[in-house]
Amino acid sequence: MSETPRTASGWGSAGAISRPPQMKVAIVKLSSLGDVIHAIPVARALRRARPGIHLAWIVEAREYALLKDHPDLDTVVPVDTRLWRRLVRRPSGVREVVGKVGRLRGRIRAARFDVALDLQGLIKSGLLTAYTGAPLRIGFSADHCREGLNCLFTNRRVRPPAQAVHVVDQYLALLGPLGIPPGPVEFHVPIPARAALRMDDFLGEQGVKSHDLLVAVNPGAGRADKQWPVEHFQRLVDRLAHEPNVKVLVLWGPDEVHMARQIRDGSSGRTILAPPTDLHELAALLRRCALMVANDTGPLHLAAALGTPSLGLFGPTRAERNGPYGPHGRGLQSPDGTMAGLVPEAAVEPALALLALREATR
């Protein structure tokens, strides 16, 4: 590693870097899956604009699998704040957590980052941003942080422009101090060949043909108030499963298989229960789909990032800010802010429209 003095002055508005091989940048975006997916265009924009940098990402252990082999990243640093929260409840847990945090801080500081980008806006992400010791620490202004005290840990604060309504565009606004314009938004989600092959084999065993329109639905969500009622999913699935060439694939995650089975068992059409999947296998399934219908959750945003037409169902969260990003995504907002208030009939027409769009471009 070069021993030249550390400075962020190599980032200029003209886009020049004085020492490309040595410039080290850390992205701090810990969780959740959907938020990490929404931040991927930041890594893509950095790599496209500054190909010589060393780019690292600090992320929660649960989301690490999505990023660990990403071609735009040189290093992925997993942290497990969820484990830390569990440990501190034990009698000797505080000492163990202090040790883990200390070792992590030493590892991050030893990397000698020049720039850190805090996309999370929380106190915990701010601490990790401070741990980098980077001379330039970029984050959101206090009114855009989820926790205002995050601003204590950054020294360049950005207020996204008014037109940056979607969270993807807000994240990209943090590149402004580096002289990097947003440019085209690019998601890149690599899928290992072995994962694609396993899912191809599964779909073949289920009788899914190349001409079939595979519609995925995902009833789970990170919070109960973001879950569309199972009965609503059943009614929508029953309607879509009777369309020509349509087969419905019901996805599920941890503690969600009971909902998936209810939807499958309540349908009189061609409905398939997905197998257990890791993130790469889930991505392989979604890439094969003609449509994804889901709550505001990670699999919805993964589908959109892969270019699969996606219909998001929104109640307490805002579709305009958090909806599936891109020209083939659409978010449906509940009229009363509750998921139950978004009736199944409201989802039928947009789902069929997205299906027709996909069929027309095949």
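Which residues are buried in H10? Select helix H10, residues 279-288, and keep in mind that this is a predicted model. In H10 the buried residues are Leu279, His280, Glu281, Leu282, Ala283, Ala284, Leu285 and Leu286. That is eight of the ten residues of the helix, so H10 is largely enclosed by the rest of the structure.

**Cysteines**

Next, pick cysteine 289, which is buried, with a relative accessible area of 0%. Then jump to cysteine 145, also a buried residue, with a relative accessible area of 11%. A disulfide is a covalent bond between the sulfur atoms of two cysteines. Which cysteine has the sulfur closest to that of cysteine 145? Select cysteine 151 and you have it: the two sulfurs are 4.0 Å apart, too far for a bond. The cut-off used here is 2.5 Å, and by this rule the structure has zero disulfides.

**Salt bridges**

Time for some charges. Side chains of opposite charge can pair when their charged atoms come close. How many salt bridges does a search of the whole structure find? The count is 19.

For one of them, select arginine 44 and glutamate 186, whose side chains meet at 3.4 Å, N to O. This pair links distant parts of the chain, 142 residues apart: arginine 44 sits in helix H1 (residues 33-49), while glutamate 186 is in the loop between H6 and helix H7 (193-205). Arginine 44 is buried at 18% relative accessible area, whereas glutamate 186 is partly exposed at 27%.

Now center on glutamate 63. Is it buried or exposed? With 2% relative accessibility, glutamate 63 counts as buried. Its side chain meets that of arginine 62 in a salt bridge of 3.7 Å, N to O, and arginine 62 counts as exposed at 60% relative accessibility. Glutamate 63 also forms a salt bridge with arginine 82, at 3.4 Å, N to O. Arginine 82 is in helix H3 (residues 81-87) and glutamate 63 in the loop between strand E2 (54-60) and helix H2 (64-67), so this pair ties together parts that are 19 residues apart in sequence. Both arginine 82 and glutamate 63 are buried.

**A surface patch**

Switch to a surface view and color Ile123, Leu127, Leu149 and Leu152, which form a nonpolar patch with about 360 Å² of accessible area together. Of these, isoleucine 123 belongs to helix H5 (residues 123-131) and is partly exposed, at 32% relative accessible area.

**Two loops**

Go to histidine 166, in the loop between strand E6 (156-158) and helix H6 (167-173). Histidine 166 is buried, at 9% relative accessible area. Leaving aside neighbours within four places in sequence, its contacts are His38, Glu320, Arg321, Asn322, Gly323 and Tyr325.

Last stop: glycine 307, in the loop between helix H11 (298-305) and strand E11 (310-314). Glycine 307 counts as partly exposed, with 37% relative accessibility. Again leaving out neighbours within four places in sequence, glycine 307 touches His328 and Arg358.

How values were computed:
Residues numbered from 1 in each chain as written. Predicted model: local features only at pLDDT ≥ 70, side-chain atom pairs only at ≥ 80, totals over all residues. Heavy atoms only, no water. Buried < 20%, exposed > 50% of the residue type's maximum accessible area, 1.4 Å probe, protein only. Patch = residues over 30% accessible without salt bridge, like charges linked within 9 Å, V, L, I, M, F, W, Y side chains within 5 Å. Areas by Shrake-Rupley, 256 points an atom, 1.4 Å probe, with all protein chains shown as cover. Salt bridge = Lys/Arg side-chain N within 4 Å of Asp/Glu carboxyl O. Helix = DSSP H or I, 4+ residues; strand = E, 2+ residues; numbered from the N terminus. Contact = heavy atoms within 4.5 Å.
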